[in-house]
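Subject: Structure handover

Hello,

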Amino acid sequence: MRSFSIGVIGAGRIGKIHIENILRKLTNVNLKIVADIKINDKLKQWATEMGVSKLTNDAYEIFNDPEIEVVVICSPTDTHTNFIQEAAKANKQVFCEKPIDTHIKRIKETLSVVKETGIKLMVGFNRRFDRNFIRCHEAIASGQIGEPQIIKITSRDPAPPTIEYIKVSGGIFLDMTIHDWDMARFQAGSEVEEVYATGAVLIDPEIGKAGDIDTAVAVLKFRNGAIGIIDNTRQAVYGYDQRVEVFGSKGCVVADNEAANTVRIYTEECTNIDKIPYFFMERYMESYSTELKYFLECLRKNIEPKPNGEDDLQNVLVAMAAQKSYEENRPVKITEVDK
Ligand SMILES: NC(=O)c1ccc[n+]([C@@H]2O[C@H](COP(=O)([O-])OP(=O)(O)OC[C@H]3O[C@@H](n4cnc5c(N)ncnc54)[C@H](O)[C@@H]3O)[C@@H](O)[C@H]2O)c1
């Protein structure tokens with residue numbers, strides 16, 4: 001089996017997950033360099049314990065290393081377009097965390113460079129690799145539930161991030177719902193034509209003062225005629241609520257939350273099951289290694305990976321249309337923001 005030398009840029013929250021997966025769960029790979037602009041003692045110790053052979057603060061060491069074929073970009077969003085373009089010019093294959101950028105122009109420019117250089121680019125919309133959502137997708141794609149007509153996504157975080165994070169997040173539709181736009185498109189098998197979004201500040205007034213909302217509902221119209229509905233909140237006190245339901249002309253497919261086990265406790269008062277996972281680290285851990293394995297398989301077989309740059313572009317366009325819709329209190333067509 002063909003093996004790959006890999007460089008990872010950014011060893012923060014998500015970077016550490018990918019690094020650990022590359023070192024512990026993937027085969028025929030060599031993690032050659034990890035680059036992070038802030039190397040402190042804590043990161044050095046973590047890297048040593050993990051078995052990272054080289055840590056640098058200069059991502060260009062990765063681009064300049066002729067042995068490295070694959071670059072995994074896990075640095076903050078505003079660094080992605082530059083790193084994708086540099087990697088592409090150095091003829092590296094790129095896995096980039098979502099989103100590529102928050103500006104349509106920069107995404108399009110980057111996708112042009114990707115096209116010109118002919119490299120492969122996959123974007124980390126990891127929920128497509130959750131085994132339950134894969135099963136939903138298979139049921140729909142095989143025609144088992146007929147034509148999809150209603151796509152319902154519930155996507156609720158357990159607790160809001162810090163106000164500092166909210167201020168630079170780009171807003172709930174770009175930061176949080178972005179995964180749900182992707183899931184909706186993935187399950188519908190069609191592109192979004194129009195979105196109507198509404199929202200409120202129901203959890204923390206500070207989020208409102210920071211210019212964002214913490215609760216949102218969006219209605220989507222797809223090109224294939226299907227209708228979608230997504231509900232988001234930054235705070236579900238009972239954990240990370242992640243459900244998908246697709247209703248079609250011949251049936252319906254439902255992916256529910258998974259508790260930690262299947263045990264039920266029956267008493268005189270009630271029947272209990274254990275809590276659902278707390279957050280994405282618990283809920284989607286398996287999907288992160290599955291998506292990277294899939295990307296390397298695509299490289300081995302020379303097939304286009306998905307979700308790709310075009311998926312990212314569509315997701316960001318829907319996010320922008322949703323923001324405009326919320327601000328202007330009207331349905332917004334994707335064509336209105338695709339400039
Ligand atoms: N797919 C998912 O579920 C998921 C989850 C979390 C974050 N993300 C995405 O991953 C990206 C990173 O998010 P995070 O939460 O891990 O952030 P983070 O702040 O925890 O980590 C980012 C790391 O990149 C480093 N960095 C910053 N600039 C750099 C540069 N120029 N060169 C090298 N390293 C640099 C920082 O020092 C930090 O260690 C974001 O785009 C985010 O949207 C995706």
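Ground rules first. This is a predicted model: local features need pLDDT of at least 70, side-chain atom pairs count only at pLDDT 80 or more, and totals for chains, interfaces and linings use all residues. Residues are numbered from 1 along each chain as its sequence is written.

**Domains**

The protein chain splits into domain 1 (4–119) and domain 2 (128–286 + 315–336). These bounds come from an automatic or database domain assignment. The C-alpha centres of domain 1 and domain 2 are 28 Å apart. Five residues from domain 1 and six residues from domain 2 make the contact. Two residues are in contact if their C-beta atoms, placed from the backbone, lie within 7 Å. On the side of domain 1 that touches domain 2, three residues are nonpolar, one is polar and one is charged. For these classes, Ala, Val, Leu, Ile, Met, Phe, Trp, Tyr, Cys and Pro count as nonpolar; Asp, Glu, Lys and Arg count as charged; the others, Gly among them, count as polar.

Two terms apply from here on. Helices (H or I, at least four residues) and strands (E, at least two) are DSSP runs, numbered from the N terminus. Two strands pair if DSSP finds at least two bridges between them.

Strand 4 (residues 70–73) pairs with strand 5 (residues 93–96) over four bridges, in the parallel sense. Val71 stands opposite Val94 in strand 5.

Axes are lines fitted to C-alpha atoms, for helices over the stretch in contact, and angles run from 0 to 180 degrees between N-to-C directions.

Helix 4 also packs on helix 5 (residues 104–117), at an angle of about 10 degrees and with the axes 9 Å apart. The two helices, helix 4 and helix 5, are therefore roughly parallel to each other, a term for angles under 35 degrees. From helix 4, Thr81, Ile84, Gln85, Ala88 and Lys89 take part; they meet Arg106, Thr110, Val113, Val114 and Thr117 in helix 5. By class, that contact has four nonpolar, four polar and two charged residues.

**The ligand shell**

The ligand has 22 residues around it, and the closest are Gly10, Gly12, Arg13, Ile14 and Glu97. A residue is near a molecule if its C-beta atom, placed from the backbone, lies within 6 Å of it. Helix 1 (residues 13–24) gives the largest share of the shell, three residues. Nine shell residues are nonpolar, eight are polar and five are charged.

Another open sheet has seven strands, in the order 12-11-7-10-9-8-15, and its pairing is mixed. Strand 12 (251–255) and strand 15 (332–333) are the edges, each pairing on one side only.

Strand 7 is worth a look on both sides. Eight bridges join strand 7 to strand 11, antiparallel. Seven bridges join strand 7 to strand 10, parallel. Thr154 stands opposite Arg243 in strand 11, and its bridge partner in strand 10 is Asp231.

In strand 11, Phe247 is the bridge partner of Ile150. In strand 12, Cys252 is the bridge partner of Phe247. Strand 11 and strand 12 pair antiparallel over five bridges. They form a hairpin with two residues between them.

Val195 stands opposite Val332 in strand 15.

**Helices on this sheet**

Helix 9 (residues 178–188) lies across strand 7 (148–156), strand 8, strand 9 (215–222), strand 10 (227–233) and strand 11 (241–248). Helix 9 runs at about 155 degrees to strand 7. Helix 13 (residues 309–328) lies across strand 8, strand 9 and strand 15, at about 50 degrees to strand 8.

Helix 6 (residues 131–141) packs on helix 9 at about 35 degrees, with the axes 8 Å apart. Phe133, Cys136, His137 and Ile140 in helix 6 meet Met183, Phe186 and Gln187 in helix 9. Five residues of that contact are nonpolar, two are polar and none is charged.

Best wishes

Note on methods:
Angles under 35 degrees count as roughly parallel, over 145 as roughly antiparallel, 65 to 115 as roughly perpendicular and the rest as oblique.
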